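Please consult the sequence and the structure shown below while reading.

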Amino acid sequence: MRILGIDTSSRFNTVGLIDGDHILADFTWEAGDSLQKIILSIDLVLASGGLTLADVDGLAVGIGPGSWTGVRVGVTVGKILAYATNKPICGVSSLDALAYQARDVPTLLCPLINAGKENVYAAFFRPRGETVVKEGEYYVGDIKGLLKTIKEPALFLGNAAHLYRQIIVEELGPLANYRGEGDVQRGSVIALLALPRFGRGESDDALSISPLYLKESLAQALLAKRLTIS
Amino acid sequence: MLLLGIETSCDETAAALVADGVILSNVIASQIDLHAKFGGIVPEVAARKHVETIGYIIREAIDSANKTPAEIEAIAVTSKYGLVGSLLVGVAAAKSLAYTLKVPLVGIHHIEGHIFANILSNPKMSMPHVCLTVSGGHTMLVYVKDLCQYEVLGNTLDDAAGEAFDKIAKFLGLGFPGGPIIDKLSAQGNKKAFNFPRPLWRSRTLDLSFSGLKTAVINMFKGKDSSTLPIADIAASFQEAVVNVLVSKTLQAAWQKGVSTISVTGGVATNRRLREAFSEICHQEGQQVFFPRPDLCTDNAAMVAAAGNARLKYGNVAGLDLDAIPNAPLKGVT
């Protein structure tokens with residue numbers, strides 16, 4: 001099964017192509033121009049893999065959490081490609097995709113995505129067999145609040161893990177682990193995560209697929225607060 | 001030629017199919033109810049809703065015209081002028097379709113879309129003409145030399161006219177959006193009850209300004225018990241001041257360019273008093289005035305498809321790297 005994976009939710013945007021568990025192509029670039037480059041990148045990756053869009057059996061799209069503006073590009077492109085080609089689509093959490101890249105590390109996995117001002121999107125995962133399993137809910141909030149809940153060695157992944165490295169090491173000391181690789185989203189990994197779901201005949205509804213924001217907009221939050229007070 | 005138009009520059013998610021000047025479908029999902037509780041349009045809320053809605057709207061535009069995606073021959077999308085987070089969703093959708101269907105993509109300026117709303121509604125409207133496009137997001141005077149040939153004559157220096165309506169309605173506790181509410185209320189009020197300022201009215205410039213008028217209204221009634229205020233008179237007098245400025249500046253522009261055809265378009269072009277005043281004065285002055293059909297006044301994608309069709313005739317095709325540019329100037333084809 002040939003799957004095109006897209007993720008534009010974090011600092012690095014990525015498009016990848018797999019055929020079963022075999023990676024055909026991957027292209028990653030530093031974001032800031034997601035909208036301009038996304039289709040050209042898809043075309044590049046398909047051409048690199050010797051395919052056209054018509055040859056693809058399914059689409060996988062990173063739904064975040066991450067940059068709200070960024071993720072909207074990838075999700076919109078994914079849903080419209082799926083609609084126009086009549087191919088199935090799966091939404092994949094960008095946190096899951098980061099953790100999946102460290103599925104060979106037998107420790108608590110903690111991917112972090114920056115949410116600004118010492119806040120992070122995060123989740124805990126453990127490797128199990130060929131994949132990873134999430135423990136508990138997705139987290140959004142203060143990095144220190146998250147760290148207080150960690151009582152065992154953990155591997156920190158993702159761009160925000162490096163951004164907040166000082167805080168993490170101060171708080172956790174020897175429990176905090178890092179590695180050089182697997183900290184950048186890869187389109188092929190987004191596709192690999194969708195593979196078992198497609199294999200079971202599952203997919204998401206293309207027209208309704210939406211980003212995983214985890215946080216309401218500031219205006220919505222203020223409105224809710226005002227309604228609670230009054 | 002069968003074109004799909006897509007428009008998401010502000011708070012309407014819209015898609016339409018237009019073939020050679022005939023509208024086959026014109027689907028618009030308004031977010032007005034969603035934003036009403038904030039008293040105005042919240043960009044992040046708008047962008048989120050566009051992503052949720054865009055796929056359904058495009059499908060409905062195609063299905064309700066009894067067409068299939070494969071029959072579409074070109075895609076036109078509003079890529080310039082508006083809220084960047086909103087524009088981005090439409091552009092991402094448009095280029096995905098253009099890539100999949102292997103058809104040309106055209107990027108349209110939002111104001112150009114409104115200019116074409118009237119050309120689409122009134123095919124007999126002559127060129128050149130002067131176009132006033134006026135809504136909650138913009139107020140602009142454009143000399144339309146020919147199809148896709150523009151000279152911007154004037155622009156608002158502060159608030160858009162529709163924005164002033166919104167702010168006055170909010171101040172008077174009337175709700176959002178303010179335009180239709182004030183329009184309706186004004187019918188029961190005396191438009192001469194208060195002589196509010198008409199900013200830049202007597203000035204030679206073709207630029208406009210509504211901020212001072214809005215402040216004058218607010219300052220006159222600030223701190224007063226709203227239940228004692230003559231709301232309908234205030235609404236009618238405020239509306240009259242806005243209408244006077246819009247009509248006189250547009251006529252001034254028409255005289256300056258020596259044209260006898262005036263096009264009034266955009267959301268505020270639905271305002272009854274504005275239509276009445278333009279019709280009266282244009283009749284006296286020997287000008288012909290045109291308004292779009294009501295469903296093409298507010299943001300829609302049929303106008304975008306019409307503009308795209310015209311641009312395609314000039315060979316004006318965008319690349320798949322088309323970007324969303326929130327504050328791009330209006331430019332014709334060269």
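## Overall form of chain B

The C-alpha trace of chain B spans about 60 × 45 × 30 Å along its principal axes.

This is a predicted model, in which local features need pLDDT of at least 70 and side-chain atom pairs count only at pLDDT 80 or more, while totals for chains, interfaces and linings use all residues. Residues are numbered from 1 along each chain as its sequence is written, and chains are lettered from A and ligands numbered from 1 in the order in which they are written.

## Domains of chain B

An automatic or database domain assignment divides chain B into domain 1 (2–114 + 296–313) and domain 2 (126–291). Their C-alpha centres lie 27 Å apart. Contact between them involves 13 residues of domain 1 and 17 residues of domain 2 (two residues are in contact if their C-beta atoms, placed from the backbone, lie within 7 Å).

## Contact between chains A and B

Chain A contributes 27 residues to the contact and chain B 29 residues. On the side of chain A that touches chain B, two or more residues each come from α1 (34–48), α2 (68–85) and α8 (218–229) of chain A (helices are DSSP runs of H or I, at least four residues, numbered from the N terminus). Of these, α2(A) gives the most, with 13 residues.
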